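Reader: I have a model to look at and some questions about it. Please keep the answers plain.

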Amino acid sequence: MDRLDNTVRPYAWGSTTAIPQLLGVEPTGEPQAEMWMGAHPGAPSRTGRGTLVDVIAADPEKELGAAAVAKFGPGLPFLLKLLAAGAPLSLQVHPDLEQAQAGYAEEERRGVPVDAPHRNYKDANHKPELICALTEFDGLCGFRDPREAAGLLGGLGVDSLKPYADLLHAHPEDAALREVLTAVLTADPDEMARTVAEATAACSRLGGAHAPYADLARHYPGDPGVIAAMLLNHVRLQPGEALYLGAGIPHAYLNGLGVEIMANSDNVLRCGLTPKHVDVPELLRIVRFEPSDPGVLRPEASADGEEVYETPIDEFRLSRYVLAEGGPLRDLTRATPQILLCTAGSVRAGEHLLAPGGSVFVPAGEKAEVSGTGTLFRATVVA
């Protein structure tokens, strides 16, 4: 197996302290948002044999296994991250596989440069993802019951929000949600900025269920995404709890440290809380306008101590082991590629001793025995 040397991405929303604290290093004072583990060309992990992209490209079947290559192609189908949000990320949604393939093909046909700010589809893949909390973790996930959203908006006492609250009582629910989100995102920018300012003052005064939206507005004053966010479920994960985010589900991460895993894609359509491009017509085509429970996941324990976060897709499978002092040597050998990540304590993986933040890549079929005292996350695929 190969010890990984990973890149930390300094996105502006990143925490300045969470990842350094986990790694046991001094903060630099700059945001440290995401540590990437995998073979994404934007920031591939490095090994003693070269970048993980190069290692896999040299012999895909040896590194990934024949079954994984047959099912997903000659590249690692997932990207694993440590994600540390010190400020809210953009409100966003991801396409399904068919939408991504069609959108990518259309933008290629029109000659839109892949790095253009207004480009929606960077690749032809979907981007389901899972976030597992290492600390308390706040997020927004999926639409609330429209009547609850109406109560939240109406409770602010802002006259310009009353029409939205009234619309949310209409039927059918999907049409009501679509109409309100469309109205919010297409409103006159100056009028919406005034509405957001009034709503922010009311949220700050009322607190309680309104408090998260006052914080959003402090980071994104005047942004229509502040109002759009009130249509969504607010979720607070405890350590070890997770959220699965499938295609079409609007979401945003607000604050906290977690382990994130996703299909290897960059496709994001933004709804707000961002200075970046928002393509409203394309967004409205992708969003699933249906109220839903956010579906907090807790791991399912197996007889050998593996705790699995069950999801409906095969590009990734995330699990964890909580290893106790004096516990048995565990054999994690598997016929698919794996990345093992230590997040607490001290774990020996083969010949490598992993401190928090340490990770290794295990090629398909490679012997993988682990022991120690701490928490180890295991990322692989279902093939």
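Reader: How many cavities of 30 Å³ or more does the count come to?

Author: This is a predicted model, in which local features need pLDDT of at least 70 and side-chain atom pairs count only at pLDDT 80 or more, while totals for chains, interfaces and linings use all residues. Residues are numbered from 1 along each chain as its sequence is written, and side-chain values use heavy atoms, with hydrogens and water left out. On a 1 Å grid over the protein atoms alone, a cavity is a set of points where a 1.4 Å probe fits but cannot get out. By this rule, the number of cavities of 30 Å³ or more is two.

Reader: What is the volume of the largest cavity?

Author: A volume is the space filled by probe spheres set on the grid points, which are joined across faces, edges and corners. Lining residues have an atom within 4 Å of a point, and for the largest cavity they include R119, D279 and L283. The volume of this cavity is about 70 Å³.

Reader: Is H94 buried or exposed?

Author: Buried means under 20% relative accessible area and exposed over 50%, with partly exposed in between (1.4 Å probe, protein chains only). The relative accessible area of H94 is 0%, so H94 is buried.

Reader: Which residue's backbone oxygen does the side chain of H94 reach at 2.9 Å?

Author: A polar contact is a pair of N or O atoms within 3.5 Å; within protein, one must be able to donate a hydrogen and the other to accept it, and residues adjacent in sequence count only if both atoms are side-chain atoms. The backbone oxygen reached at 2.9 Å belongs to N267.

Reader: How far apart are the end C-alpha atoms of helix α9?

Author: Helices (H or I, at least four residues) are DSSP runs, numbered from the N terminus. The expected span is 1.5 Å times one less than the number of residues, so the 18 residues of α9 (189–206) should span 26 Å. In agreement with this, the distance between the end C-alpha atoms is 25 Å.

How values were computed: Helix = DSSP H or I, 4+ residues; strand = E, 2+ residues; numbered from the N terminus. 1 Å grid on protein atoms, 1.4 Å probe; cavity = no way out; pocket = protein on both sides within 12 Å on 5 of 7 lines; lining within 4 Å.
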